Amino acid sequence: MIIVVAAIAAILTVPLSGVSLAPLSRVTFRGSGLVWLAIGAQIVITAAPLFPNWLGRPLHLTSFVLAAVFIWLNRRLPGVLFVAVGAGMNLAAIAANGGVMPASAAAWRSAGLPTTANGFDNSHVVAHARLPWLGDAFAIPRGWPFANVFSVGDAVVVFACGYFAHAWCRRFRPSAASGPPASLSTVTS
């Protein structure tokens with residue numbers, strides 16, 4: 001949830017720079033159903049109480065495969081390379097730890113998250129984690145809105161969302177002299 005909130009905040013910095021968000025309404029993403037399936041899978045495995053581990057781990061990894069196809073289909077859009085890097089960092093940590101994002105025990109405690117898991121957790125403290133520096137090593141502390149843990153890959157994805165919004169809105173901001181804004185087909189041709 002924190003990544004979605006942070007990405008929205010990054011996108012909302014566009015008007016703070018004096019540029020309209022209106023051009024974002026004209027973006028057409030290829031394969032958008034794939035990313036919605038990936039997000040849906042993530043929501044189901046994290047929100048359902050006591051979601052079974054035997055199903056949660058492969059679904060978690062599958063959501064990244066769906067997202068990877070979406071990223072590939074939209075690779076020509078500004079910032080998508082950064083999304084791929086951040087998602088790849090997360091996928092590496094998750095795959096190396098059997099389908100679970102390893103979290104730092106200190107970050108977990110700082111965020112005030114529960115210490116035991118009865119079902120599948122997409123992120124949790126993992127004993128002897130592989131690639132722990134790519135895991136959820138940072139925290140928004142307990143008592144703050146959206147207290148949670150996050151990874152460097154998450155931060156890269158949020159940066160990429162902000163970069164995309166700024167680049168797209170600047171590229172296609174309307175001006176009286178230039179006529180109507182270009183469409184996605186002129187960008188990707």
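Biologist: Which hand does the crossing of α4 and α5 have?
Modeller: The crossing of α4 and α5 is left-handed, that is, the near helix is turned anticlockwise from the far one by less than a right angle. This is a predicted model in which local features need pLDDT of at least 70, side-chain atom pairs count only at pLDDT 80 or more, and totals for chains, interfaces and linings use all residues. Residues are numbered from 1 along each chain as its sequence is written, and side-chain values use heavy atoms, without hydrogens and water.

Biologist: At what angle do the axes of α4 and α5 cross?
Modeller: Helix α4 (residues 53–73) and helix α5 (residues 80–96) cross at roughly 160 degrees, and their axes come within 11 Å. The two are therefore roughly antiparallel (over 145 degrees). Axes are lines fitted to C-alpha atoms, for helices over the stretch in contact, with angles from 0 to 180 degrees between N-to-C directions. Helices are DSSP runs (H or I, at least four residues) numbered from the N terminus.

Biologist: What does Ala87 touch beyond its neighbours within four places in sequence?
Modeller: Ala87 is in contact with Phe64, Ile71 and Val157.

Biologist: Changing topic, how do α3 and α4 cross?
Modeller: The axes of α3 (residues 32–47) and α4 come within 8 Å and cross at roughly 160 degrees. Hence α3 and α4 are roughly antiparallel to each other, and this crossing is left-handed.

Notes:
Angles under 35 degrees count as roughly parallel, over 145 as roughly antiparallel, 65 to 115 as roughly perpendicular and the rest as oblique. Contact means heavy atoms within 4.5 Å.
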